[in-house]
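Hi there,

Here is the structure I promised to pass on.

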Amino acid sequence: MDGTANALTGRGLALSFGGIEVLKGLDVEFRAGEITGLIGPNGAGKTSLFNCLTGAYRPQKGAITYLGHALDGLSPAARAGKGIVRSFQHVALSPDLSVLENVMIGVARNYHAGWLHAFLPTRRGTDEMAAMRAAAEGALSELGLAGLEHKLPSELPPGMLRLVEIARAIVGQPAVLLLDEPAAGLNNSETRDLMRTLRKLATSDLVMVVVEHDMDLVMSICDRIYVLNFGAIVACGSPQEVRANQEVVRIYLGDDDD
Amino acid sequence: MSKSSASIETMPGSASGNHARGWLAASGADYLLAAVLFALPFLIGGSWTFALGICFANSIGVLAVSVLVRYGGEVSIGHSFFAAVGAYAVAILDTRYGLSLVASLPLALVLGTVCGVAFAWPSRKLSGIYLAVSTMALALAVPELINNADWLTGGYEGLYVSQSVIPGVEASLQRYYAGLLALIAVVYGLRRLRHSRQGLTLLLAKQHPAAADAFGTRQVWARIAVMGISGGIGGVCGAILAFAGSTVSPSSFTFWTSIFLLVGSVVSFYGLSLTRALVGGAFLTLVPQFLSASGAWIPVLYGLALLGMILIGHYLPRIRSFLFASKGGA
């Protein structure tokens, strides 16, 4: 299927807080089968755009569509039901739950056993939890976290917590995966492993968008890159095109001599 | 009153090296305690059997408050309302229709849950001190509501609960074992909830509502669900309280009842295990009984006991790690 047919698009997205324009009429298209990078200096509006796409923020102007259907007015939970999931800039795991249980939440939306199954030892409830557990173990294994299932988040370093968040995001086989600074806190080896994993995940029907400050990661894995500055798109194109763009070099990559 | 950050598995301040091992240890203590409690009526006197029956009911009430803290991050000072709903469901079915606890307990559970949901819907956007104070409104209203509906509730004089669950079995044993079985069933249900899909999502919603929302759990749903569960358990507390005490009256469901349920929850450190619930329940039932000979000193001694429990709970992890370190060094 053509990636543009099942793309996540935003048209004329405008968002402001108390008169401060955070997004200034952005037009974006995130295509299936591609990894799209979203880069820009701090305060450029990257996370705000993520929040608009997931429904956490409601843009004052513009429209967001996925598979041709408007998402405006849908809550974050309803968008999650359509397979649009995200990771967070600041790790948002429950400290009360083990690593495995935190990841299991990522697949919970695909199961629907009622309250009776939560309190009583029914076959359906037991099967559901076993399936969620197996999926979570698979996702953790895919990210090299096997063996940490029963640790608490407080027992892991920040880099690993970030990977647990990504495992939670991918475990439910999302249609749209929005990753907010996935490599923050990772060492070089972990970042390389993450790059391999993300490339492997980029199937033809997955829309993947990555906000990241690690330029090596962005330039290595992204098929297309949007560059934001002060809530507006400064450039869009392949990594080579973005790298060659003088405006981008000036505002963002200026002190990168590589 | 503020949002609680107490861990679901551990004592406050615990380093929590291996929470799975801690959970197993807690389960072991629960099983042992349950076994002792099953044998206890054959070893102790009738007055203690009666007191323990009330203690089990209060332990269930403590669990109702603790589940709200653990899963919702909120506190209530109005749970006497849900207890009253459950208690009067039992008493009215008993006196008017001759139905025993077997029929009225499920109704108490359902009514408590419905009341919890009905309260949660309009207060779904409230949290912290505002929610706590709004629950207080429930507690303040209960005695007057009961008094004014005296055609149904018996007003100030209350109602008697006399129907047997198992005809022919001694009433004191029925009251004791009904309370114990209900308490164990609530603890078991809550343990199941902790490892269920709903339980996991509620815990994430408590700590990171935005993250829970992003994975399909709406905050409103989480709030209503937790309040419904808590209200339902509160209803069961009331039902057992009515059956174990064999009478219900407005004076059993005052604002102070709600405060003491919260106190029980605090001294049990919001624990959802059998052991922790019984610590809370005992603090409401057995400690006053122990102090009953102290006359005017009762409030002072009760206050000291309360302070002592909280300090012990607070410093226990440090004492434990100090002792283990000493052992390791020796």
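Helices (H or I, at least four residues) and strands (E, at least two) are DSSP runs numbered from the N terminus, and two strands pair if DSSP finds at least two bridges between them. In this pairing Thr65(A) sits opposite Ala70(A). The hairpin has two residues between its strands, and Leu67(A) takes a positive phi near 55 degrees there. β4 (residues 61–66) of chain A also runs antiparallel to strand β1 (residues 8–17) of chain A, with five bridges; Ala14(A) stands opposite Lys61(A).

Some housekeeping: this is a predicted model, in which local features need pLDDT of at least 70 and side-chain atom pairs count only at pLDDT 80 or more, while totals for chains, interfaces and linings use all residues. Residues are numbered from 1 along each chain as its sequence is written, and chains are lettered from A and ligands numbered from 1 in the order in which they are written. Chain A has a mean pLDDT (the predictor's confidence in each residue, from 0 to 100) of 91, and 95% of its residues reach 70 or more.

There is also an open, mixed sheet of six strands in chain A, ordered β6-β7-β8-β3-β9-β10. Its edge strands are β6 (84–86) and β10 (232–237) of chain A. Within chain A, β7 (residues 176–180) and β8 (residues 207–211) run parallel, joined by five bridges, and Asp180(A) has Val211(A) as its bridge partner.

Best wishes
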